[in-house]
Amino acid sequence: MIARSDALAAMDGEPFDVVVVGGGITGAGVALDAASRGYSVALAERADFASGTSSRSSKLVHGGLRYLQNFDLGLVREALLERQLMVSLAPHLVTPLPLVVAAFDGARPDRLTGVGLNLYDVMARERRRGRRGANGAEWSPDRHRTIPGEEVVELLPALAAREPTGGYLFYDCQTDDSRLVLTVLAEAERFGAVCANRLEVTGLHEEASRAAGVHVRDLLGGGAFTVRADNVVNATGVWADRLRPHELHDEAEVPRIRPSRGTHLTVRHDDLPLVGGAIVPAGDGRTIFALPWLGRTLLGTTDKDYEGDLDHVRAADDDVDYLLEAANAFFGTDLGPPDLTGAYAGVRPLITTGDPHKSVDISRKAELYETSSGMVTITGGKLTTWRRMAKMAVDRLVE
Ligand SMILES: Cc1cc2nc3c(=O)[nH]c(=O)nc-3n(C[C@H](O)[C@H](O)[C@H](O)COP(=O)(O)OP(=O)(O)OC[C@H]3O[C@@H](n4cnc5c(N)ncnc54)[C@H](O)[C@@H]3O)c2cc1C
C-alpha cells in the first residue's frame, strides 16, 4: 500500500469524487468498486484497517446454512454466488472447507438439516450454471452426502472418543478476514484510491447544506484538515449512527443501531484436533462452529445484546462459559478457561425502530440509506457479500 504520508498529502490536496469513511470490508469494497469505475477515491480509517468487526468474524465465506431456518432464501442464494466468485477470484484467500454434522448411536442425521443441505446444494448449483473462473476451471462443491462414522472421525478427530456413527458432509469456504480487507484495499489503491489509517472522521464538511467532504483528525501526527469530495459514503459498520447522530436519528425512516456481541475462542489443536469444521449443538436449537484455524481450533459464536464500549469489546465470561460448555458437551472434553489460547469479540449492527416489538436484525442484510445531507450510509451485510454491498453503494452515487 502507498505510504501513509503520501496518502495524507493527497487527501489534503485536490477534491475527490468519493470519500469513504471506515476501513473494514465494506469501506474497502466501496473504495475498490468506485475506483475501478474511474472515480477518484479517498478512504479514512480511524484505527487500523480491519480492526473493527471485519477481523472478528468466524472467518467463513459461506451461504449461511442457518439462515435457511428463517427462510432467508434470497440472502443465502446471493451469498452462495459470492462464495463461488470469491473462491475463483481469490483462491489464495478463500479456500473450501469440509463441514460435518455428526450423528451418534446409530441415529440418522437430523432430517431437517438434510432438507436444508439439499436446498443449499440446489441454490449453489443453480447460481453456478454458465459461470467459469478466469482460468476456465472453477471450484465445484460436491453435493452434501451422508458419511460413515469412520469418515466423521477422519475429519473430526476430536470426536473419536464419542464414536460417531455417521453424519452429513457438506462444504463452505474459509478466509483470513483481515487479509481479505487488506487485499481489497490494496486493489483499490491499484485503481488510484488513497487510503489512510489512524485518520478519524470528526464530522461532515457541508456546502449549501450538502455533504461535500469530511473533517479529519490525524491521530498519529496530530493536526486536522478537510477532505473535500462530491460524495460521502459512511461505511463505519456498528458505528454508523455515531458519525452524524442528529441527521441519522431525526430522520424517521432511518433505524437506530443496536449492537450485538459475538465471541470466539481458540484452543490448541492438540486439545481439540480438527481437519474439517463441525456444527456443534449449543442448546435452544442454536449451533456454534468448531473450525480448524491457523493450527488451532476456533469456537464460535455467541449472539448477545451489547451495551458496552464499542471500541473495546471483550469476550465476556458468560460467553466463554457458553462456548466451552457447548464444545465440552459435544466433544466429551473438559476444557476450561486455562486451556484457551485466545478469545476475541466483535459486534454486529442490529437495527431497531425504537419499538421493541419492531426490532429487526439487519446483521446479515445490507442496509443502505441516504440522509438529508446526501451522505450515503451502508451497514449490515456479511463479509461474504462485500462485493454486493459495494456495488449497491456506488450504484446509489451514480444514480
Ligand atoms: C461475531 C461475528 C462473526 C461473523 N462471522 C462472519 C462470517 O463468518 N462470515 C461472514 O460473511 N460474515 C461474518 N460476520 C459479519 C461480518 O464480519 C461483518 O458484516 C463485516 O465485517 C462488517 O464490516 P464493516 O466494514 O461494515 O464494519 P467494520 O469492520 O466494523 O468496519 C467499520 C470501520 O469503521 C471505522 N470507523 C468508525 N468510525 C470511524 C470514524 N469516525 N472515522 C473513521 N473510521 C471510523 C472503524 O474503526 C472500523 O474499522 C460476523 C460478524 C460478527 C459480529
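In this predicted model, the centres of domain 1 and domain 2, taken over C-alpha atoms, are separated by 34 Å. The domain assignment of the chain gives domain 1 as 4-55 + 179-255 + 362-398, domain 2 as 69-174 and domain 3 as 257-361. Between domain 1 and domain 2, 11 residues of the former are in contact with 11 residues of the latter, and the two domains bury about 1000 Å² between them, of which 67% is on carbon and sulfur atoms. On the domain 1 side, the residues that lose the most area to domain 2 are T384, R387 and R388, which together account for 47% of what that side buries.

The ligand lies between domain 1 and domain 3, because both of these give residues to the shell around it. Of the 36 residues around the ligand, those that come nearest are T26, E45, S54, L60 and T384, and the shell divides into 10 nonpolar, 19 polar and 7 charged residues. At least two shell residues are supplied by each of α2 (25-36), β8 (199-207), β11 (256-268) and β16 (340-352).

| Residue and part | Ligand atom | Distance |
|---|---|---|
| E45, N or O atom in the side chain | oxygen | 2.6 Å |
| T384, polar side-chain atom | oxygen | 2.7 Å |
| V201, polar backbone atom | nitrogen | 3.0 Å |

Taken alone, the ligand exposes 1000 Å², and the protein buries 94% of that area.

Terms used. Residues are numbered from 1 along each chain as its sequence is written. This is a predicted model: local features need pLDDT of at least 70, side-chain atom pairs count only at pLDDT 80 or more; totals for chains, interfaces and linings use all residues. Side-chain values use heavy atoms; hydrogens and water are left out. A residue is near a molecule or strand if one of its heavy atoms lies within 4 Å of it. A polar contact is a pair of N or O atoms within 3.5 Å; within protein, one must be able to donate a hydrogen and the other to accept it, and residues adjacent in sequence count only if both atoms are side-chain atoms. Accessible areas come from the Shrake-Rupley method with a 1.4 Å probe; for residues, only the protein chains shown count as cover. Helices (H or I, at least four residues) and strands (E, at least two) are DSSP runs, numbered from the N terminus. Ala, Val, Leu, Ile, Met, Phe, Trp, Tyr, Cys and Pro count as nonpolar, Asp, Glu, Lys and Arg as charged, and the others, Gly among them, as polar. Domain bounds come from an automatic or database domain assignment. Contact means heavy atoms within 4.5 Å. Buried area is the accessible area (1.4 Å probe) that two parts lose on being put together, summed over both.
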